[in-house]
Amino acid sequence: MAGVGDAAFSRPGHPSSASFSFSSSSPSAPPATTPSAAPSRYFSELKTGEVQELLAGLREASVERDMNKQREVVKRVIAFMTVGIDLSRLFPEMVMSCNTRDVVQKKLVYLYLTTYAESHPDLSLLAVNTLQKDVTDTNPMIRGLALRHLCSLRLPDFLEYMIPPVDNGLRDPAPYVRKTAALAVAKLHRLSPQVLKRQNTWVGQLYDLVADRDPAVAHNALAALQEVLLSAGGPSVTRTLAMHLFSRVSEFNPWAMCLVLQIALRHSPTEDDLYDILNVLEDRLKLNNPTVIFAVLQAFLHLTDGLPIREQVYGRLVGPLITVLSSAGPEEAWTCLHHARLLATVAPQHFSAHYKHFFCRYNDTSAVKVLKVDILTDIASEANAQQIVEELSEYIREGDHELGKRAVAAIGRIAAGVPQAESSAVFVAQDLLGAAAHGGAWAGLGLSLALALLRRSPAYADTLLPPILSATNSARLEDTEARGAYVWVLGEYGDRIGEAPYLLEELVPTYAELPAALKLQLLSAAMKLLFKRAPEMQPVMGQLLHAALDDSSNVDVRDRALLYYRLLRQHLSQARQIFLVEKDPIGAFTEETHTELYEELLAEFNSLAVVYGLPSHRFPRPPTLDIRPTAGSAGAPAVSSTVSVEQDEKPAAPFTTAAKAQSLLGEEGPLVLRPRATMDSRTFQEKWAALPVAHTWEAPISASADWSSVEARMSAEQVMCMASGSVGGVHKYYFFAQEDRSSAYFVVEVVGETAKGRLTARFKTETERALPHFTRHFKLALSRALALN
């Protein structure tokens, strides 16, 4: 695409060799291929005695000698298994079928073994023995397959049989086995978190595998580190590791690239490293993969945050975004447009030259069209405002009323921000008002646009008032917004409209039937016109206030009417000053100046925060349900969902992450903890030393309490662990959390003495107001983590 990313930028004071440029061209997508249909003979209806036939087939000597026949029988077994038929009685015969050099057959048998081993523990030992034998096979493919399925059994009782094969697999000469073993570490960690304490060298081996010459091994090692070190915030990223990952990023597949960038960006590079990293990532923008492109765009925004080069980066992001948009389907286009709109709002000057790429197509979905209209509004400038207004005026006549309303609002905003577009917007408003004879919808759209123009430039009143009156005389307004605009015009310019008081009077008898928004507009318009044409409006105003004060359907509207009534009774001169005040011209709208919000969204680029238009810490969180087995569940320990608290405490209010609310009486809303709060160790020590103990909690604990998962479980409840340790049966933890509303911190020390069967927690806080809510939430979370009664 010509004109996008043609210029390059470089490190100040350095030759242009350190520069890089973006190409917005993308390779053509490979032709779509239609997968061939799978043979249906394996999924034919099960007949009576079919399982017995399969059993006989597996035992038949001629089948055992013929590899092809045996594979066909195994395929039929797997086919029936996938449709929910219990074939566990074939387990011994399927184990025997694993004794073959056919990799395909082995893979099918492994699938069978892992499926039934978990639901039939009595048969699992046969599966374990078979898989253990195959992990020592000379064929690396068989070793890897056996290791993968062995660690997929999810049987804690057989963990001791899985550890040696994984340990050997991490040092296996075959890359396939090494990458399988790396993921096996994560599987065993999920099965039993204590396994890493027993095998304390595995984490170090995973770090070594990140530097493996095979990119698949390095990727799996990174994924495993991310999983097993999740409670610690993920793997530690040094400069050496980060630069190694950036230098090899082109070797990874698209899925792996995203993970590599996510982890490598935890390192903050120096200025010299920054330009090298940008040059390395620049080539990735040429890939025909939206996921990789957005991950790289996120990397560019993260790496240049707060730097002077950030403005140039905005210009470089336009090309890749437009490239993705031009070839994306409706869903991808919708997501891409959300990110494009964020950038267009922050840096519209870089998008203004490419406004035609955001014109709506005939086959765009309604959601995509709405976003494109919003982007066109944001990027309108002196150079393109005329063309954009003309394009938007076409959308008004397409027959989609909602899109038409959006286009009208966009034209009004453009006219408010770009004076050169005012004349074109006035022409569009006159055209719509002139078409009122064809229906009230056109008059409504024209009135909405006229309202926006008159608010911005009252000088157009002489031009727009005649067509407004003509349109409202020839068409009936049905839309509430259009009727509100009409009433506003009557109140604002009633001194130029002879019949304005009588037009407002016609609405008074139907006051009780009007929507609340229209009632408020009518009250305001009547007050304005009262001070301009008092003799004619005085009886109308009396009737209107009488009707408004008698109407109790909406408290806000009634309170507004009561305020106006008291103003007229006691402060008539002040009321005149309020309603006839000289208004400043509108230059910008308040909702377009949320710079702090945009910075937060840029920090979370390539995430749902951009799509929702909210930072992730403001997402509503559903209540957490405890779905662990209770005392009545077979094969599982009893876990209580209650918390041990002092008898004199009142029941706690439910913990919620609803919006920060405050009632009219000044009561505080519910506690909201900031997700993934951060604090360095020095700040924690300072707060712990400075703050007094605000609350102490003691509870009994059992000797079997599981402390290994406390950090992860508390982190899920937005309570982060700063430090922990265990010496001689005494477990000590230091936690912190941050309230989202006030940014105040809570710090907690937890000491668990297993020998004495006692747990003690000391709470300190910067806000006494929310302490009762937090202590109850903390006690409930910790009690669930330790299964306290």
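Let's start in the middle of the protein: its largest nonpolar core has 205 residues, and Tyr112, Leu281, Phe358 and Leu392 touch the most other members. A nonpolar core here is a set of buried Ala, Val, Leu, Ile, Met, Phe, Trp, Tyr and Cys residues joined through side-chain atoms within 4.5 Å. Buried means under 20% relative accessible area, exposed means over 50%, and partly exposed is in between, using a 1.4 Å probe and protein chains only. The top contributor to this core is helix H16 (residues 290-303), which gives 10 residues. A separate core of 26 residues lies apart from it, with Ala699, Phe763, Ala781 and Leu786 among them.

A quick word on what you're looking at: this is a predicted model, where local features need pLDDT of at least 70, side-chain atom pairs count only at pLDDT 80 or more, and totals for chains, interfaces and linings use all residues. Residues are numbered from 1 along each chain as its sequence is written, and side-chain values use heavy atoms, with hydrogens and water left out. The pLDDT is the predictor's confidence in each residue, from 0 to 100. It averages 80 for the protein, and 85% of the residues score at least 70. Over residues 1-9, though, the pLDDT is below 50.

Now zoom out. The protein has 35 helices and five strands; these are DSSP runs numbered from the N terminus, with helices being H or I of at least four residues and strands E of at least two. Of its 789 residues, 47% count as buried.

Next, follow the strands towards the end of the chain. Strand S3 (residues 730-738) runs antiparallel to S4, and nine bridges join them; two strands pair if DSSP finds at least two bridges between them. Gln738 has Tyr745 in S4 as its bridge partner. The two strands form a hairpin with six residues between them, and Ser743 in the turn has a positive phi of about 65°.

On S4's other pairing, strand S5 (residues 758-765) is antiparallel to S4 over eight bridges, and Val750 is partnered with Ala761 in S5. This hairpin has four residues between the strands, and Gly757 takes a positive phi near 65°.

How many residues of strand S4 (residues 745-753) are buried? Nine of its nine. Tyr745, Val747, Glu749, Val751 and Glu753 point one way, while Phe746, Val748, Val750 and Gly752 point the other way, and all are buried.

Definitions and conventions: Contact = heavy atoms within 4.5 Å.
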